[in-house]
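Hello,

Here is the structure we spoke about, with the sequence alongside. My notes on it follow below.

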Amino acid sequence: MSENNTEKQASLTPPPVEPPKEQTDEKNSKKDETTPVVADGEKKLSNKELKELKKQEKAAKRAAKKQASGISIEQQQQQAQAKREKKKQQQQRELQKKEAKLKKANNQNTNTTQTVKKTSLFSHLETTEERRASVLAITSAVSNPKTSRITAAGLMIPMVASAISGSRIYTTSSFAKSISTPQNGSKSNNVTRTSTASSSTTQASVNVINAAAGATTTPTTDITSTKDIAKTLATISLDSDEYAVVPGISSIVPRTMEQNFESQQLISSVKELLLNKDLIHPAISLLTTNIAHYKIVGSIPRCIAMLEAFQIVINDYQTPKGTTLSRNLTNYLSHQIDILKKARPLSVTMGNAIRWLKQEISHIDPSVSDKVAKKELCEMIAQFAKEKIELADQLIIENASHHIEDATTIVVYGSSKVIADIIIHNALTLKKNIKVIVVDSRPLFEGRSMANKLRKKGINVVYALITSLDAVINMNVDYVLLGAHSILSNGFLYSRAGTAMIAMSANRRNIPVLVCCESLKFSQRVQLDSVTYNELADPNDLVSVDFKSPVERLANEGALLKQFIKERKEVKKKQEEISNKSKGKANNNGGKNGNKKNDVKDVNNNEESKNVNVLDDWQNLQSLNIVNILYDLTPPEYIKKVITEFGSLPPSSVPVILREYKGSA
Amino acid sequence: MSEGFSITKTYLKFLEEDSEMTMPIAAIEALVTLLRIKNPGTAAEVINSIKSAVDELVKTIPNSVSLRAGCDIFMRFVLRNLHLYGDWESCKKHLIENGQLFVSRAKSSREKIAEIGIDFITDDDIILVHGFSRAVYSLLSHAANNLIRFRCVITETRPSNQGEQLYKLLAEKGIPVTLVVDGAVGSIIDKVDKVFVGAEGVAESGGIINVIGTYPVGVLAHNARKPFYVVTESHKFVRMFPLSSDDLPMENKFLDFTRRPSDSEIKVSGPTIDYTSQEYITALITDLGVLTPSAVSEELIKMWYD
Amino acid sequence: MSQFSNPSLRELNNANGNNELNVIIDTFIAKLKRKQIVGSYAIALETLQLLKRFTSAARWTHVTELITQLRALGLQLERAQPTAFTCGNIIRRLLGVLRDEMEEEAQEIANENGMNDNNNGNNSSTSEPLISSMFNLLQKPEEVQTVTKLLSSRNKKTKTDFRQIAIQGIKDLIDEITNIDDGIQQIAIDLIHDHELLLTPTPESKTVLKFLIRARERAHRTFTVLVTEGFPNNTDSAHEFAKKLAQHDIETIIIPDSAVFALMSRVGKVIIGTKAVFVNGGSIASSSGVSTVCECAREFKTPVFAVAGLYKLSPLYPFNIEKSVEFGGSHEVLPRMDPDYRLDAVNKTTAYVPPENIDIYITNIGGFAPSFIYRIAWDNYKQVDVHLDNKSPLEKSVKA
């Protein structure tokens, strides 16, 4: 299978698959082999060739008639279609075989099951894998400034070098043979860099995916002359949805993730991101990684971090010629936000803050100089954060403290800054005798940091998991204090998964439930249950049965680098042994599990070693799925009071606040 | 057929003589005395005399559900013996001779209840009690004797003010008690751990008939998810199936709006007993063990539907 | 030291030269105390093995003595691990069988001796004299005489017969326990329809697993199963469970415990396996989050059905739930703790589900509402055996 091919040292013996793929396999392997050799040579030739190419392409552009090349391209498309259909049939057949025999899936089926891995309940939501794939594609994208320039009119297209393809991996060695392109050169740079790179931001690749024009297989094999390439390339327009092509950029996506790029929507969104790749400020990329790795968790912390990053971005911002700050900055920020969305979906606080910021930007007087305007903006952001978050928190603490009498037992869930502050304030400043029961759950274990924080201040803390909830809630609890991610317009509370269970249990026992929530968290949305809108986290977080929070697990592990190394070694082995190993386990292990015992550089012989966790190969079982949702919805009947900085209100009055304070909320 | 023998008088005399006796037992004793005096010969005579005596009793003694329970049991026992075994003579002899035996058995049943029910009370419990039932009292005092440290909240149980009676008795025993008004139950129900009440009669559905105020306490306990236990002897099971408090035989009419000019002071009117249906009852603690309301109805069905 | 066995029983065995028996009993008790046997099924079978040896090796002259010895044994075992309810259940079942035999014999004798049916009439009018002893109030004192007469006259059935009966009873029990699945599956299959979403919070129940697999394979129902993780005690078994289901081609989804409420609105039924069922209709499950899950199901009016073999039915009433619920080690919950700032950690390992949260119990003899479970209990156990430490009236009358 083509997916099996590794970057350079491809298997000499392709797996027993249908012939057309074999062909391409072989060709790929040939290409692979020649790439390193040619790479250096390409470098030297690149500049000269580039100029030639430019001229030729311009000519080709004018000369090439769409129809003529169109047909060929259409043919190519048809062939690609036919191939895909065949592949699907093949997959179906193999699935049946698998069902009948109940064998472990070989790689083919692995990839098939990957596409099936969306559960029926949540298939409408974006998965972590998709988000990660986008982030990777973007962070690892490299563009050669010489080949493409971003101008006000759009990209100039001298050469199409790479794209994110739907299903195939191809190197540009097809080009490499015929043309020496700077892309290949840069790609080779990229490639060599990847084998040594270990920083978490520019994650290592497993494969280099480069597609020739048209994202199909056959044309590349046929094209041998620059002219033809230029022809085909010229006819490809950026806007055309048929081609997932972004010129001038080569990008790396692990082959485990490329299956996710089947949806056109995703491809076009990533395309857009890639186009604007250069605009991304490093502060934002850092923030993206931090959020994606759960280093910054919680709607308020994320919002604060985002605002801080924005301050940096605004400071560094230079208005391009031909436009004003007030008009262009919004656009610029939008690009940043697009990337940020790929870490995790934006929280309601972030959304509200962004909306406010954009409004403020549009109100900037154009006559004011850029420097002053930027300074003002930064100040306003600081003011906003202070007002909406710090001061709001203080007011909430005051309000909530009225309820907390001496000698109370309070149940809290997960981690919330406001709640922690309330308790600390009451226990230390107001000297009340409080006992706190912290309830926690997998996989984030946010409650631990909360428990530690409270305990360090000397408060009496009991820690329990959500499965022991019925024992804990019978311990003479007086109140339940909950934090919120957001409160919806119909009074529902959207908060960490598990909140609803606690609220329900408390309600059944007539224990009042209080929610502490800044007005920044109020949302115009309405939602009736937890399934229609939610955030899916990585299912692999649930695979390992241990106590590590995802931060610890993912921290600086360079998961994909490990995977890359592993796979390279596998390929080596494969070459040596020339046997058909099942790569299923290797693909999806991600190096997280079982690596605590082995050294990072050790060969992780997953094929031979036992699975450390029961579910290490869950992706192989077609019927098995893991769902890891992060939020749930608590009906307003379970909530007695919502405490905000404006005062306390019943949950049904949320739309009132939204109306009255529309400007700021 | 009355030769100066009044069943009612006999019944009341029994109750007077022995304060520990419950009403059903007194009724049975009175009926036994009736048999002894009248000494009917044939089966038909027996049935008739008992029936007429029961009717008279019920008419003259107001609002007595447990009285009916006793009469029902007696009647049933006699009928069964007559129908199935035809051996009335020895049965009659046994009944007449062993009047005292029944009384002592009944008293010992309260001890049995206390034994069985003691597992329900644990240290640090706050127990809510409504009405004055000797069975409940014996259970609580038995628990106190076994050095279980619990506290009691007693409702006044107006207008009969039975709560004060119980208050005094429990205070003597050294149990920490407090007296609250009937209306306060809603506010304090969250703080109590369980509720104990007695019963004047246990209906076929598994619900109970008890002094007025039991039903609201049951509903509040159910709402607050607190266990509601009924402590009663097994001879109080009565053959009735009321659907609600309306179905109970009562002297005072509900909601009497008539005003008599002769009344100088404002009198409280309304029902004096009410019916708590079985969905509010967690369990019944009887001398036969701990029963769920459905178990009670099964037994009653078996007894009566022959 | 007689830490393990009841002194009198031990002496009895010693006197009878049954040291071996003592050893076996002691080993079993030790195993129970150290929780080396886990799982109701395993405990039940082991108890039966022990009983087999006990009945064959024990010495007794009259069946009442055997009953006394069994009661003493049962008391020891119960004290060894009070939360292993199946142990006590098995012993009580056997006692019930023996007592039934005794009663039958007593009836025959009574008939033969030409005593008045009246005497025994009230006794035998109901299957298990639960409340028919309402008539006890008015019953004749001759009742007791019957029993003494019975004891004095030599039994028609010899000792050997009773031994046979006991061993046969044990064999029947073993058969029943090993074959509960068929009965359960037949009834339960009809309760699941196609394309349904089921939720299982008790993944370590073998009964549930077998039932789901059977539903898929034999009845060809297509359904999806949500399995909760049950962290921290049951996660491994949950993952194994899910894997097994997936291998049998059942669509399985593993969800973290916190997501139960979120997904409950989509769930069609909740299936739980139980560890013990009490006479009030409540039950104990051996995973910890189960009672919260059942409360969630109640909120959404989702039906909850519990599968349990008959041997799990216990005649006890759960007076004090806190005593029967077990807690595990806190290191499972909080592996690392700052020694300067210590916390309390709570780790429940079992859960009590009250009867109002369960809709139906599926046992191998049929489906029952929780309010009717008491009747099944009294059909199989004798009221007098509930408290194994009380003296039975027979013993009392023997001494009298």
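Chain B has an accessible surface of about 14,000 Å², and carbon and sulfur atoms account for 52% of it. Please keep in mind that this is a predicted model.

Chain B holds 11 helices and 10 strands. Of its 306 residues, 56% are buried. Among the contacts in chain B with a separation of 6 or more, 77% are between residues 24 or more positions apart.

The chain splits into two parts: domain 1 of chain B covers 2-108, and domain 2 of chain B covers 121-304. Where they meet, 18 residues of domain 1 are in contact with 19 residues of domain 2. The two domains of chain B bury about 1,600 Å² between them, with 59% of that on carbon and sulfur atoms. On the domain 1 side, α2 (23-38) and α4 (65-85) of chain B each supply at least two of the residues that touch domain 2. The largest share of that side, 9 residues, comes from α4(B).

One residue elsewhere is also worth a note. C:E229 sits in the loop between β2 (223-228) and α11 (235-247) of chain C. C:E229 counts as buried because its relative accessibility is 0%, and the cut-off for buried is under 20%. Leaving out residues up to four places away in sequence, C:E229 touches residues including A:R442 and A:L542 from chain A, and C:H239 and C:D257 from chain C.

Regards

Note on methods:
Residues numbered from 1 in each chain as written. Chains lettered and ligands numbered in written order. Predicted model: local features only at pLDDT ≥ 70, side-chain atom pairs only at ≥ 80, totals over all residues. Heavy atoms only, no water. Helix = DSSP H or I, 4+ residues; strand = E, 2+ residues; numbered from the N terminus. Buried < 20%, exposed > 50% of the residue type's maximum accessible area, 1.4 Å probe, protein only. Contact = heavy atoms within 4.5 Å. Areas by Shrake-Rupley, 256 points an atom, 1.4 Å probe, with all protein chains shown as cover. Domains from an automatic or database assignment. Buried area = accessible area lost by both parts, 1.4 Å probe.
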